[in-house]
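Me: Hi, I'm new to this one. Could you walk me through it?

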Amino acid sequence: MELVSSHPKQKKVSESEWLDWKWQIQNRIKDGSELEKTIRISSEEKEALLTCSEVFNFSATPYYLGLADPEDPNCPIRLQVLPRKEELHTRAWDRRDPLAEESYMPVKGVTHRYPDRALWYLSHVCAVYCRFCTRKRKVSQSADTPGAEDWKDAIHYFREHTEIKEVILSGGDPLNLSDSKLDYLLSELKSIPHINQVRIHTRYPVTLPMRITRELCQVLKKHFPIYLVTHFNHSKELTELVKERIGMLVKEGAVTVLNQAVLLKGINNSVGALTDLFYGLTKIGIKPYYLHQCDEVFGSSHFRVPIEEGVELMKQIRGSISGLCVPLYVVDLTGGGGKVPLPANYLEETKTSSYVFRNYKGDLYEIGF
Ligand SMILES: *Cc1c(COP(=O)(O)O)cnc(C)c1O
Ligand code: SF4
């Protein structure tokens, strides 16, 4: 069957090619001339593409780019993948490694910051390079990717450290690994008695949903329970294919799926955009887990929303939509302090024998103790 992809300028591909995740990876769009076949880019965007990709590669799957509005430069998909000249601005607080992940690294590829859980970087490859990426210092560069020997050292470390209750497979994208490699890694982790749960952090359900196959679901089901945290930032990313493959992941893979979004200026910093995203996720079987303040990674200041604005947005959302749909707004402290919740303040006053609260509608209520 011939499938004409959503943009007329793009070459025809068969449906089986389009739905093959390896085809999508091999046919990623990586430069301006390929990009122009898909969407109309301004001369400013073209120039930014050239200068910024020297610092952080540009790359996008045909699938993900196909979600972008071909004309609108402010399209929320476009803003996530296309470089802008603001990326070259550096500000005093910008860091190469804002979360000091490299300083808490007991063995190559493992960040062990919190007492009970460790992050494990398994790949430096992603389907799409998100312009606000916290790990842009290393993702997109194949050099220095942890290899087989490093994996052994990491597994040894997890075995020795009985305080580790959880390992989080991360990257780059861990789903870039083959099913058999994932099967091997999950078997190793699940054979460690003190490991209570295993988690996968991946953006492939967003940028490459065809990676979720029956075969992958079989592997994940074998290692039940698996928690998978994905990274949708806008309701435009919730396509029919996503809905179908998340359904498969939940039903056939028996996976618990959660989402962490990043609050991004011009992309999702409105009550409407966040509400659509949170309802949309819940509708297809994904529980919103975190909304992150954008990290202070170099060249990302144009994405950052003031914390007061984020708190106010969440205050308007909490109470007006189901609690099940509402994630926790957090900031990951620059320097490696870990995540800190950013709750709105509802307590107006503490009296000698009562408290005064302001509810989500702005009304005052006094309760005793
Ligand atoms: C975010 C993070 C985790 C996971 O934190 P949760 O709050 O459990 O989701 C673990 N380790 C590091 C280094 C992290 O940055
Ligand atoms: S998928 Fe994650 S690790 Fe990869 S570029 Fe995007 S934010 Fe960075």
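Reply: Happy to! Ligand 2 is surrounded by Cys126, Val128, Tyr129, Cys130, Cys133, Gly172 and Arg203, each with a heavy atom within 4 Å of the ligand. This is a predicted model, where local features need pLDDT of at least 70 and side-chain atom pairs pLDDT 80 or more, while totals for chains, interfaces and linings use all residues. Residues are numbered from 1 along each chain, chains are lettered from A and ligands numbered from 1 as written, and side-chain values use heavy atoms, without hydrogens and water.

Me: How does the shell around ligand 2 divide into nonpolar, polar and charged residues?

Reply: That shell has 5 nonpolar, 1 polar and 1 charged, with Tyr and Cys counted as nonpolar and Gly as polar.

Me: Switching topic: which residues of β5 are buried on each side?

Reply: Glu166, Ile168 and Ser170 are buried on one side, Val167 and Leu169 on the other. Buried means under 20% relative accessible area with a 1.4 Å probe, protein chains only; a strand is a DSSP run of E, at least two residues, and a helix one of H or I, at least four. Because 5 of the 5 residues of β5 (166-170) are buried, the strand is largely enclosed by the rest of the structure.

Me: And in what sense do β4 and β5 pair?

Reply: Parallel, over 5 bridges; pairing takes at least two DSSP bridges. Val167 is the bridge partner of Ala118.

Me: What about β5 and β6, over how many bridges do they pair?

Reply: Over 4, also in the parallel sense, and Glu166 stands opposite Gln197 in β6.

Note on methods:
Buried means under 20% relative accessible area, exposed over 50%, partly exposed in between (1.4 Å probe, protein chains only).
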